[in-house]
Amino acid sequence: MNRISRRMALMTGAAFVAHAAGPASALSDAQARALVQQVVDDINRVINSGKSERAMYTDFERIFRRYGDVGVIAASVLGPDRRRASQAQQRAFADAFAGYMARKYGKRFREFIGGRIDVQGTRNAGRYQEVQTVARLQGSSPFSVVFRVSDRSGQDRFFDIVIEGISLGKTERTEIGALLDRNRGNIDAMIADLRQRG
Amino acid sequence: MKYGVSTVGVAVGLAFGLAACTTPDESVEIFDPYEERNRKVHDFNVSLDRNLVRPVARAYGEVLPGEIRAGVSNMKDFVSTPSYILNDVFQGSFEDAAHNTLRLAFNGVFGFGLLDSASAAGVERRPSDFGQTLHVWGAPEGAYIESPFIGPSTERDTIGTVVDIVTNPTAYALDRSIIWVSPGVTAGDVLQQRYEFGDTVDSLLDDSADSYAQTRSIYLQNRRFELGQDDEFEFDPYEDLFDE
């Protein structure tokens, strides 16, 4: 009895949140797929361009800024601490975060040289579209890479990449939280630290 | 395959030990009541990696040709396959059990376990373990545990690992004189994995602001994905922003 009423309360709560956060995604699976296909084509082009590492990081940052919802992701990984950050600090953080992501994951993409990413299919997850891809790299078994795409900020953007179940957003939220702790909660110091990392 | 009464006893005892699995009062993404102890073990594991596993894995990868290393890893999968089949049966996944039996026969006949001819023929690797079996049976994940030498795990998976070791059919089927083969190829496979994913592991352990928290997050996310669990704590940055 107690258990049932608790579940009812939870369901009512969930329904309320879903309603408050707006209607289901208006983004079609074709649009989401097209966006991810562009991202994948651009990444494949960069990793096979033969450019220097530094030049590749610049290209990755451009791709991340063009197709990723950088501002929203940055605000979210900063967590509750963003409430005490000024507008200028939030902007500086989002900027430092984009460069850091490009360096950190750009290094990983180097392992992609000679490999390829194939778009497989899409799934409507309610408030966003999920585009499934498979990365086929030399010398390792194919693995799953999922792009989550939404138009909730007004434009079609990916907001998370999930590799074998590991969410980049969650990983970076843990990382930024730890980085803030290391800098004793000082946001400016954390941003300066972030610019050196990746 | 003969199981001693004591082995079955240990397995059953451990499975019942699950009743003692710690569970949180409400659903939380990370349940880590032993964090203080886990962090000490993590420091130990990191220094073990730095001083022993990483250099040995590097030597293993650079000295031995790729074909030999692949043979060792294929053999590790081959000797583990009876254990996969046992778990498939425990889970009631008879299709997986048949799939793994086919792999066992195929790889045994074509390549003595050193070649993965089955994968080449489209019958891919499908590992299974007792931690997964416990999940299928409805056991809770329990607390996060980082164990010395073994690394990140959960209470449920720690019990699973122990049960897999004591019930491994291969250990009972092999003659005493070649009983070392199973742990030997397992060690080789660990070195191969450490070598193959070297850069990723190095960056996780060396570059993370808090490598303990990052290891925990990555382990739990990946393990829950393997087990096909729904993620009730999805990363949804829009919801975070609308919440305010």
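## Helices, sheet and chain contact

Let's start in chain A, where H4(A) and H6(A) pass each other in a right-handed crossing. A crossing has this hand if the near helix is turned clockwise from the far one, and is left-handed if it is turned anticlockwise by less than a right angle. What you see is a predicted model, in which local features need pLDDT of at least 70 and side-chain atom pairs count only at pLDDT 80 or more, while totals for chains, interfaces and linings use all residues. Residues are numbered from 1 along each chain as its sequence is written, with chains lettered from A and ligands numbered from 1 in the order in which they are written. Helices (H or I, at least four residues) and strands (E, at least two) are DSSP runs, numbered from the N terminus.

**Helix packing in chain A**

The axes of H4(A), residues 70-78, and H6(A), residues 168-182, come within 8 Å of each other and cross at roughly 50°. Axes here are lines fitted to C-alpha atoms, for helices over the stretch in contact, and angles between N-to-C directions run from 0 to 180 degrees. The two helices H4(A) and H6(A) are therefore oblique to each other, given that angles under 35 degrees count as roughly parallel, over 145 as roughly antiparallel, 65 to 115 as roughly perpendicular and the rest as oblique. On the H4(A) side, the contact (C-beta atoms, placed from the backbone, within 7 Å) is made by A:Ile73, A:Ser76, A:Val77 and A:Leu78, and they meet A:Gly169, A:Glu172, A:Arg173 and A:Ile176 of H6(A). By class, the residues of this contact are 4 nonpolar, 2 polar and 2 charged. Here Ala, Val, Leu, Ile, Met, Phe, Trp, Tyr, Cys and Pro count as nonpolar, Asp, Glu, Lys and Arg as charged, and the others, Gly among them, as polar.

Another pair in chain A is H2(A), residues 29-47, with H3(A), residues 53-67: their axes come within 10 Å and cross at roughly 175°. That angle is why H2(A) is roughly antiparallel to H3(A). From H2(A), A:Leu35, A:Gln38, A:Val39, A:Asp42, A:Ile43 and A:Val46 take part, facing A:Met56, A:Asp59, A:Phe60, A:Ile63 and A:Tyr67 of H3(A). This contact between H2(A) and H3(A) holds 8 nonpolar, 1 polar and 2 charged residues.

**Strands in both chains**

Chain A also has an open sheet of 5 antiparallel strands in the order E1-E2-E3-E4-E5. Strands E1(A), 116-124, and E5(A), 166-167, stand at the edges with a single partner strand each, so one side of each has no neighbour in the sheet. Two strands count as paired if DSSP finds at least two bridges between them.

| Strand pair | Bridges | Direction |
|---|---|---|
| E1(A) and E2(A), residues 129-136 | 8 bridges | antiparallel |
| E2(A) and E3(A), residues 143-150 | 7 bridges | antiparallel |
| E1(B), residues 144-147, and E2(B), residues 151-154 | 4 bridges | antiparallel |

Chain B has 12 helices and 2 strands, with the pattern α-α-α-α-α-α-β-β-α-α-α-α-α-α along the sequence. The radius of gyration of chain B, 20 Å, is close to the 18 Å that the globule rule gives for 244 residues, so chain B is as compact as a globular protein of that length. This radius is taken over C-alpha atoms, and the rule is 2.2 Å times the number of residues to the power 0.38. Along the principal axes, the C-alpha atoms of chain B fill a box of roughly 65 × 40 × 35 Å.

Inside chain B, the axes of H3(B), residues 66-90, and H9(B), residues 181-196, come within 8 Å and cross at roughly 125°. This makes H3(B) oblique to H9(B), and the crossing is left-handed. The residues of their contact divide into 5 nonpolar, 5 polar and 3 charged.

Between the chains, 19 residues of chain B are in contact with 22 residues of chain A. H11(B), 211-226, and H12(B), 237-242, each supply at least two residues of the side of chain B that touches chain A. H11(B) gives the most to that side, with 8 residues. The side of chain B that touches chain A comprises 9 nonpolar, 5 polar and 5 charged residues.

How values were computed:
Contact = placed C-beta atoms within 7 Å.
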